[in-house]
2 protein chains.
Amino acid sequence: MPSVDICFSPELLPLYSLQGKVAVIVDILRATSSIVTALANGVTHVFAVAELAECQALGRQHSCLTAAERDGRQAEGFDLGNSPFGYLDGALDVRGRAVVISTTNGTQALRRSLAADEVVIGAFLNLQAVADFARRQQKDVLVVCAGWKGMFCLEDTVFAGALAEELAADFDVSSADATLAARHLWQQAQADLPAYLLQSSHVRRLNSLEAHKDFEFCLRLNEYPTTLPVWREDRLVLLGNR
Amino acid sequence: MPSVDICFSPELLPLYSLQGKVAVIVDILRATSSIVTALANGVTHVFAVAELAECQALGRQHSCLTAAERDGRQAEGFDLGNSPFGYLDGALDVRGRAVVISTTNGTQALRRSLAADEVVIGAFLNLQAVADFARRQQKDVLVVCAGWKGMFCLEDTVFAGALAEELAADFDVSSADATLAARHLWQQAQADLPAYLLQSSHVRRLNSLEAHKDFEFCLRLNEYPTTLPVWREDRLVLLGNR
């Protein structure tokens with residue numbers, strides 16, 4: 001029976017083997033939630049880079065939209081920030097466009113996980129799609145939490161716990177202590193996820209009105225239940241839509 | 001108000017500042033539980049080293065007892081393993097002796113934390129002593145979980161949560177997500193700590209009869225409520241007993 005393990009920080013990735021596994025990259029607030037929203041709303045593919053300069057250069061090279069955030073705000077000179085509403089509110093027509101995105105934590109987690117057999121993007125918005133894919137793959141799953149500047153982050157952990165619970169019938173979700181702990185936290189959180197996560201330090205950093213709208217959106221369960229961003233060659237595309 | 005934060009793995013220590021803080025080293029199963037037991041039962045001081053060869057060399061140099069474990073078993077050629085009962089059952093007279101100890105995880109956590117203002121040893125056995133010391137110091141506390149080969153470990157985390165709850169009236173225990181999560185796990189665990197921790201992967205690794213005796217002992221709350229091992233120069237001594 002394949003297993004589910006959780007890496008709480010990209011800094012701990014050297015301790016884990018990625019080979020033969022499905023890596024699920026998670027940065028609930030807000031990188032992975034935004035990537036799922038982008039692909040669900042007609043964006044053709046997403047490049048993910050670490051540095052702002054690389055983001056602008058790639059944007060020019062591929063004539064695509066640029067999205068960048070630093071410390072929770074849209075970076076200057078970019079088309080979009082890190083809000084999922086950038087792909088929803090109609091201010092920009094994103095349909096048929098590509099996006100190059102750079103974020104504080106999510107991009108780093110993604111790029112450090114590329115040794116895995118499959119690298120997919122997870123969020124509450126597409127929990128079902130991630131679980132369905134894992135069940136079809138029948139490989140060990142490693143959830144890679146982006147965290148906050150390398151540190152443990154409550155919302156990413158609670159998502160990992162939700163995914164483990166979803167997979168409990170078909171996967172070993174009891175062998176790794178990280179998975180046990182995350183499942184316990186999800187069990188506490190699920191009755192009122194927004195209230196539970198309002199405690200988190202990251203949420204309290206995003207304390208503007210706009211950010212609160214993002215927060216509520218990012219916690220919607222299965223808003224896009226069939227949208228699965230997967231890594232192919234050098235970019236994220238919708239599964240089955242290369 | 002000083003704060004309580006938790007580092008889930010020695011591998012994450014580079015992300016934290018230790019200066020000006022009290023570092024509480026935790027390796028419930030079994031290094032820190034054994035060190036507390038040793039000092040509570042007449043051992044004069046404890047040297048902690050990473051390597052087996054260094055442990056033997058230091059033992060000869062200081063004419064002290066040697067204690068070493070690898071992967072849960074007493075290492076060959078050493079006086080003691082990593083069981084607290086080595087200091088209790090009378091097979092060896094430890095009173096007035098020094099011990100040099102090398103363990104898989106606990107020693108590494110300790111030696112990487114020496115930049116802190118104070119380095120103390122925490123276990124369920126001396127929870128009260130750790131909390132009392134932290135309150136007197138009035139400095140930020142960083143609990144350093146030894147983990148299992150660098151990975152997240154349930155029993156160390158639950159101890160950290162117990163300490164945070166104990167300090168909740170006088171410390172900020174809500175700013176760090178790691179502390180929030182650990183407190184939630186402790187709240188779930190405290191009604192029946194042994195049953196809760198029987199899930200942990202580490203506990204399942206220690207599945208012999210002798211190990212189960214250790215396990216039950218290591219979970220006793222405040223068996224030694226005034227025993228605080230502190231780091232002085234190159235060794236651990238009882239607080240107030242240099």
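Which residues does B:Gly86 touch, not counting residues up to four places away in sequence? The tour begins there. The model is predicted: local features need pLDDT of at least 70, side-chain atom pairs count only at pLDDT 80 or more, and totals for chains, interfaces and linings use all residues. Residues are numbered from 1 along each chain as its sequence is written, while chains are lettered from A and ligands numbered from 1 in the order in which they are written.

**Stop 1: B:Gly86**

Select B:Gly86, in the loop between β5 (73-74) and β6 (98-102) of chain B; strands are DSSP runs of E of at least two residues, and helices are runs of H or I of at least four, numbered from the N terminus. B:Gly86 touches B:Ala67, B:Leu80, B:Gly81 and B:Leu92, where contact requires C-beta atoms, placed from the backbone, within 7 Å. With 23 other C-beta atoms within 10 Å, B:Gly86 is buried (buried: 20 or more such atoms; exposed: 12 or fewer; partly exposed: in between).

**Stop 2: the nonpolar core**

Next, select A:Val24, A:Val143, A:Leu163, B:Val24, B:Val143 and B:Leu163, the residues with the most contacts inside the largest nonpolar core, which has 176 residues. Such a core is a set of buried Ala, Val, Leu, Ile, Met, Phe, Trp, Tyr and Cys residues joined through C-beta atoms within 7 Å. Leaving aside neighbours within four places in sequence, the contacts of A:Val143 include A:Val4, A:Ile6, A:Ala160 and A:Leu163.

**Stop 3: α5 and α6 of chain A**

Display residues 154-166 (α5) and 177-189 (α6) of chain A, which pack at about 95° with their axes 7 Å apart; axes are lines fitted to C-alpha atoms over the stretch in contact, and angles run from 0 to 180 degrees between N-to-C directions. The two helices are therefore roughly perpendicular, a class covering 65 to 115 degrees. Among the residues that meet are A:Thr157 and A:Ala164 in α5(A), and A:Leu185 and A:Trp186 in α6(A).

**Stop 4: the chain interface**

Finally, show both chains: 24 residues of chain B contact 24 residues of chain A. On the chain B side, α6(B) gives the most, with seven residues. Chain B can be laid on chain A with an RMSD of 0.0 Å by a turn of 180° and a shift of 0.0 Å along the axis, superposed by least squares on C-alpha atoms of residues with pLDDT of at least 70 in both. That is the relation of a two-fold axis. The same surface serves both copies, as 100% of the contact residues of chain B recur in chain A.

Key: Angles under 35 degrees count as roughly parallel, over 145 as roughly antiparallel, 65 to 115 as roughly perpendicular and the rest as oblique. Two residues are in contact if their C-beta atoms, placed from the backbone, lie within 7 Å.
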